[in-house]
Amino acid sequence: MDVTRLEQAVTPATRCILPVHLYGQAVDMAPLLQLAANRNIHVVEDCAQAAGALYQGKRVGSFGDIGTFSFYPTKVLGAYGDAGMTVTNRPELKERLRRLRFYGMEGGYYSEEEGYNSRLDEVQAAILRLQLPELDEEVRGRAKLAAIYDEGLRGVGDVALPVVRDGRTHQWYLYTIRTGLRDALMEHLAAAGIETRINYPTPIHLMRGYRFLGYGEGSLPVTERLAGEILSLPMYPQLPESHGERVIEAIRGFFQGH
Ligand SMILES: Cc1ncc(COP(=O)(O)O)c(C=O)c1O
């Protein structure tokens, strides 16, 4: 999120800002929180990709009114099935969230308000409790691979590398580069047996399901441009260093031919 553009984006109707800590690194929260406080706007942090990431020494999820986490199996902190969590420092919200996840009930089979069935499965919770102490080790493995990519890809073609901003840590959920030759590079890597992903190919505001929001082509030009340039490289801590080197060699090879 480009927080320098927030001021322009906020209207009198804005009730909530939802920063997404994308790819594993925190949004620049200080100016965002300042603006939200000045305007009396709530903040819900999407920590799905950044569980454990630090911003100015504090964990993401601890800044907003609510922080939301996904423990979908592919996430850095992943369960063995669907799972997620919301956190809050506000006692009244805590009570309400507890209620909402259980049909709006507080007990006695009586709904105080319309809710959901959104309880965290106990088996998944038990798995996550075992995995939580391993999180830092998992991220160290990812960071090692990120450093190898950084070193091997710096200055190669028009490749722009991910940048870890001052005062932040990166969980390396994804290692996403940018290049004007994205589609051709992706094809080249696929031919070399290297799977890459586009996270994400279609910006939400251009998806049919969200047309009703009233945005269209050209509404978010930076997002639209980046969607055509981004490419996520293989990233998981068990990936042998030699495979990381192979990815680098394949990318270098591609740019030698262009
Ligand atoms: C940034 C972000 N927000 C939200 C979600 C949704 O999480 P879940 O699928 O667990 O509801 C995901 C991943 O699925 C995500 O990557």
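In this predicted model, the largest pocket is lined by 48 residues, and those that lie nearest its centre are M1, D2, V20, L22 and T223. The elements that contribute two or more residues to this lining are the helices α1 (6-9) and α7 (221-227) together with the strands β1 (16-17) and β7 (175-178), and α7 gives the most, with 5 residues. The space in the largest pocket amounts to about 2,600 Å³. When the lining is sorted by class, 31 residues are nonpolar, 10 are polar and 7 are charged. Because residues of both domain 1 (3-134) and domain 2 (135-256) take part in the lining, the largest pocket lies between the two domains.

A search of the whole structure for salt bridges finds 14. In one of them R99 is paired with E106, the closest N and O atoms being 2.8 Å apart; R99 is buried, with a relative accessible area of 18%, whereas E106, at 56%, counts as exposed. R99 also forms a salt bridge with E113, again with a distance of 2.8 Å between the closest N and O atoms. This second pair links distant parts of the chain, since R99 belongs to helix α3 (91-100) and E113, 14 residues away, to the loop between α3 and α4 (122-131). E113 is buried, its relative accessible area being 18%.

A further salt bridge joins the side chains of R140 and E137 at 2.8 Å, N to O. These two residues are 3 apart in helix α5 (residues 135-153), so about one helical turn separates them. R140 is exposed at 52% relative accessibility, while E137, at 47%, is partly exposed. Elsewhere, salt bridges with shared partners connect R96, R99, E106 and E113 into one network.

Definitions and conventions:
Residues numbered from 1 in each chain as written. Predicted model: local features only at pLDDT ≥ 70, side-chain atom pairs only at ≥ 80, totals over all residues. Heavy atoms only, no water. 1 Å grid on protein atoms, 1.4 Å probe; cavity = no way out; pocket = protein on both sides within 12 Å on 5 of 7 lines; lining within 4 Å. Points joined across faces, edges and corners; volume = space filled by probe spheres on them. Helix = DSSP H or I, 4+ residues; strand = E, 2+ residues; numbered from the N terminus. Nonpolar A, V, L, I, M, F, W, Y, C, P; charged D, E, K, R; others polar. Domains from an automatic or database assignment. Salt bridge = Lys/Arg side-chain N within 4 Å of Asp/Glu carboxyl O. Buried < 20%, exposed > 50% of the residue type's maximum accessible area, 1.4 Å probe, protein only.
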